[in-house]
Amino acid sequence: MHAIRADASVKCPDDSEKSFEVGAALVNRMHPDDWVSGNKKETTKIFAQELGDRWGIGDPGCNNGVLLFLSIQDRFAYIKTAVVSQTVMTDSCSEMVIDS
């Protein structure tokens, strides 16, 4: 348990340690009228950012949030990570998870 906790926590600027906060959003499909410039990926990025902020995923001082967004019928997924979370869940790691 100690090893898992050590690997799944982040040191915050105030020297406290916190685990990552993860949220998941699952939708049936995205409506094309809502796409930003007709771009599904850009729309998903913006939606994930706004949803994560609205839900309060991650400690604001720690930047330890991760949001998984899935659109079933669109067969589309996106992982939004906060700045500190990106040190562990890099873009290439996120892409690997999505592609799996």
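**Around Ser94**

Me: What is Ser94 in contact with, leaving aside its neighbours within four places in sequence?
Reply: Ile79, Thr81 and Met89. Bear in mind that this is a predicted model.

Me: Which helix is Ser94 in?
Reply: Helix H3, residues 91–99.

Me: Is Ser94 buried or exposed?
Reply: Buried, because its relative accessible area is 5% and the cut-off for buried is under 20%.

Me: OK, switching to the sheet. What order do the strands take?
Reply: E3-E4-E5. The sheet is open, with three strands and mixed pairing. Strand E3 (21–27) and strand E5 (76–81) are the edges, each pairing on one side only. From one strand to the next, the twist averages 10 degrees.

Me: How many bridges are there between E4 and E5?
Reply: Six, in the antiparallel sense. E4 covers residues 65–71. Phe69 has Tyr78 in E5 as its bridge partner.

Me: And which strands does helix H2 lie across?
Reply: H2, residues 40–55, lies across E3, E4 and E5. It runs at about 45 degrees to E5.

Me: Which residues make up the largest nonpolar core?
Reply: There are eight: Ala25, Met30, Ala48, Leu51, Ile57, Leu67, Phe69 and Tyr78.

How values were computed:
Residues numbered from 1 in each chain as written. Predicted model: local features only at pLDDT ≥ 70, side-chain atom pairs only at ≥ 80, totals over all residues. Heavy atoms only, no water. Pairing = 2+ DSSP bridges. Helix = DSSP H or I, 4+ residues; strand = E, 2+ residues; numbered from the N terminus. Axes fitted to C-alpha atoms, helices over the stretch in contact; angles between N-to-C directions. Contact = heavy atoms within 4.5 Å. Buried < 20%, exposed > 50% of the residue type's maximum accessible area, 1.4 Å probe, protein only. Core = buried A, V, L, I, M, F, W, Y, C linked by side-chain atoms within 4.5 Å.
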